Amino acid sequence: MCKDCKKPYYISTAIAYTSGKPHIGNTYEIVLADAIARYKREQGYDVYFQTGTDEHGQKIELKAKDAGVTPKEFVDQVAGEIRRIWDLMDTSYDKFIRTTDSYHEKQVQKIFKKLYDQGEIYKGYYEGLYCTPCESFWTPSQVVDGKCPDCGRPVQPAKEEAYFFRMSKYAQKLIDYINEHPEFIQPVSRKNEMMNNFLLPGLQDLCVSRTSFTWGIPVEFDPKHVTYVWLDALTNYITGIGYNCDGESDPKFEKYWPADLHLIGKDIIRFHTIYWPIFLMALGLPLPKQVFGHPWLLQGDGKMSKSKGNVLYADTLVDFFGVDAVRYFVLHEMPFENDGVITWELMVERMNSDLANILGNLVNRTVSMTNKYFGGIVENRNVCEEVDEDLKKVVLETAAKTDEKMNRLRVADAISEIFNIFRRSNKYIDETMPWTLAKDEAKKDRLATVLYNLTESIAIGASLLYSFMPSTSEKILAQLGTEKRSLKEMDTFGLYPNGNRVVEKPEILFARMDIKEVLEKVEAMKSQESAKSGNPESNAAGASQEANKAAQDGAESGSGNGAEDGMDVEKKPEITYDDFSKLQFQIGEIVKCEEVPKSKKLLCSQVKIGSETRQILSGIKAWYKPEDMVGRRVMVVTNLKPAKLAGMMSEGMILCAEDDEGNLSLMVPEKKIKSGSEVR
């Protein structure tokens with residue numbers, strides 16, 4: 001643990017590329033980083049946790065062109081979606097940097113100029129093979145069957161004027177550094193790969209500018225060139241904490257650099273352990289202390305890709321299982337070094353066995369028995385037996401074991417250690433049989449002691465669980481009527497306040513799921529998505545349905561021949577333009593909709609309005625099914641004061657038209673328009 005309280009600790013993820021919505025494999029990295037960051041805070045470190053988005057490059061320029069928007073409009077939308085998912089997964093980052101941030105762009109230009117003035121960068125001419133998705137150049141000897149050795153996609157001949165970085169100048173210096181710092185690249189297999197495949201065979205100078213596209217940071221002294229994406233993207237780790245190339249860096253940079261941990265996917269290990277260290281050497285800056293290349297999270301049938309149709313998204317999984325269940329799965333199922341696998345069947349199995357049974361049922365039984373036998377009062381009456389000592393031993397050893405695993409970044413193993421507390425507690429119930437003790441008045445003190453031991457064990461386990469499943473940890477501790485323990489308090493058994501009270505009615509933490517029902521819902525979801533994918537604009541969920549519905553609504557509203565007769569309504573008092581201007585109307589996209597359990601009229605919609613998502617309740621259940629709402633763009637009043645309906649908060653109003661028979665019709669835009677657009 002951290003002996004020097006508040007010692008700085010800087011952790012970063014790779015910045016996500018804004019080519020599209022991140023899938024669960026991408027999302028795994030931010031959840032993993034969050035678990036490490038939270039645990040380091042628990043250890044007493046002053047943690048700075050940075051993530052963000054990589055937003056320049058030819059691929060972005062082409063995608064924006066295909067979408068009919070500017071590159072900045074394209075990355076703004078995708079960056080907003082990435083941040084939404086990071087927030088959905090309850091990640092506690094301190095900084096979300098975007099490479100289109102003006103301060104970052106300015107420093108990249110300064111860094112480029114400094115390296116050029118030092119003679120590290122020179123102008124030349126490039127002719128080779130280029131992989132657009134990877135933003136990487138390759139020589140003919142490096143490609144495999146005419147395809148990129150990294151991603152396996154075709155490469156194209158490229159020939160253009162470019163600036164080059166003298167990468168080869170620093171090769172031996174980096175080799176020596178890696179040999180002298182065995183902890184620098186982890187796991188060891190990644191280090192061996194970099195040394196044997198790239199460094200020892202010899203490094204070529206690196207192309208660091210392009211002229212064949214314009215979406216990038218211009219080279220200040222030669223603006224027809226834009227900075228190559230890796231020199232741009234990698235420097236986020238220092239610009240995000242206030243590095244200034246002129247020598248007047250923010251105190252935050254002096255405090256947190258060098259980074260303690262760069263957490264990245266194994267597919268970009270080369271850029272972070274060869275290019276990035278050499279850039280830093282050229283700038284005269286210390287290298288990060290460690291780069292950890294984590295494995296991939298694979299679907300059951302291989303690496304996730306849209307072309308395979310096997311992509312899983314975090315928000316989809318959260319809809320089925322909840323945030324903490326998804327966090328548990330991706331953290332627990334990923335080995336330290338080898339790829340992990342995710343399937344619907346495995347998710348349901350873990351939900352039922354680990355979360356609902358081992359953890360949820362344990363908490364529920366303990367709280368329920370405490371209420372049943374002692375009116376909710378937990379009291380240690382110190383009637384001990386030998387079996388108690390084994391339980392206490394397992395519980396008290398867990399913190400140290402968890403600490404050892406986390407210090408080696410073996411997060412899955414750390415979670416397993418914590419769940420050993422819950423497994424041992426369940427076994428303790430079987431061994432002590434509280435229901436049998438309750439039948440004998442003479443054993444009431446023993447029964448009280450057993451329930452105290454269970455409550456204390458769960459309290460310690462839930463406190464350790466906080467870094468990995470924060471919401472679940474808080475819920476458990478709330479049910480026990482106690483607060484989270486610090487790691488320093490984990491070596492003492494018996495800190496739960498004697499005579500404390502648990503909640504009267506325990507909350508079900510995780511409900512068991514039927515695999516057949518889940519798979520049926522998944523198939524229905526896939527069918528719906530498949531139907532949508534026929535529309536060229538299907539990247540926005542439900543675009544084809546929305547277009548058809550808009551056309552239908554337009555015909556029914558009298559926009560063409562054969563319109564129905566109109567109707568009159570009772571007139572309201574006149575208002576001024578000032579009155580009208582107080583209302584704000586915007587276009588929102590419904591991304592999720594479900595019935596409100598306690599209401600016969602209400603639907604609860606999650607409505608994306610620009611970069612934010614709001615929950616809005618509407619009395620339209622008689623006219624629209626939840627599944628018919630998803631993907632629609634609707635008119636929303638966005639500046640209404642939030643109100644509570646059927647026990648749920650509503651943060652706006654979806655507008656509908658109502659005829660003289662009481663039929664409702666959503667007000668939808670005539671043609672596709674961005675969510676967040678203002679209605680005037």
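User: In this predicted model, which residues line the second largest cavity?

Analyst: The model is a predicted one. The second largest cavity holds about 30 Å³ of space. Helices α1 (24-43) and α17 (444-465) each supply at least two residues of its lining. The residues that line the second largest cavity are Tyr39, Glu42, Ser463, Leu464, Tyr466, Ser467 and Leu487.

User: How many residues of the lining of the second largest cavity are nonpolar, polar and charged?

Analyst: Among the lining residues of the second largest cavity are Tyr39, Glu42 and Ser463. Over the lining of the second largest cavity, the division is four nonpolar, two polar and one charged.

User: Which helix gives the most to the lining of the largest cavity?

Analyst: The largest cavity has a volume of about 40 Å³, and the structure holds two cavities of 30 Å³ or more. Its lining consists of Phe321, Ala325, Tyr328, Phe329, Met347, Arg350, Met351 and Leu355. Both α12 (323-332) and α13 supply at least two residues of this lining. The helix that gives the most, with four residues, is α13.

User: How many residues of the lining of the largest cavity are charged?

Analyst: The lining of the largest cavity includes Arg350, and Arg belongs to the charged class. Seven residues of this lining are nonpolar and no residue is polar. The number of charged residues in the lining of the largest cavity is one.

User: Are α13 and α18 roughly parallel or roughly perpendicular to each other?

Analyst: Helix α13 (residues 344-374) and helix α18 (residues 470-480) pack with their axes 10 Å apart, at an angle of about 15°. Leu359, Val363 and Val367 of α13 make the contact with Thr472, Ile476, Gln479 and Leu480 of α18. By class, this contact of α13 with α18 has five nonpolar, two polar and no charged residues. Angles under 35 degrees count as roughly parallel, and α13 and α18 are therefore roughly parallel.

User: What is the handedness of the crossing in which α13 passes α18?

Analyst: The two helices pack at an angle of about 15°. The crossing in which α13 passes α18 is left-handed.

User: Is α1 roughly parallel or roughly perpendicular to α12?

Analyst: The axes of α1 and α12 lie 9 Å apart and the helices pack at an angle of about 90°. Angles of 65 to 115 degrees count as roughly perpendicular, so α1 is, relative to α12, roughly perpendicular.

User: How many residues of the contact of α1 with α12 are charged?

Analyst: In α1, Ile24, Tyr28, Val31, Leu32, Asp34, Ala35 and Arg38 meet Val326, Arg327, Val330 and Leu331 of α12. Eight residues of this contact are nonpolar and no residue is polar. The number of charged residues in the contact of α1 with α12 is three.

How values were computed:
Residues numbered from 1 in each chain as written. Predicted model: local features only at pLDDT ≥ 70, side-chain atom pairs only at ≥ 80, totals over all residues. Heavy atoms only, no water. Axes fitted to C-alpha atoms, helices over the stretch in contact; angles between N-to-C directions. Parallel < 35°, antiparallel > 145°, perpendicular 65-115°, else oblique. Left-handed = near helix turned anticlockwise from the far one by under 90°. Contact = heavy atoms within 4.5 Å. 1 Å grid on protein atoms, 1.4 Å probe; cavity = no way out; pocket = protein on both sides within 12 Å on 5 of 7 lines; lining within 4 Å. Points joined across faces, edges and corners; volume = space filled by probe spheres on them.
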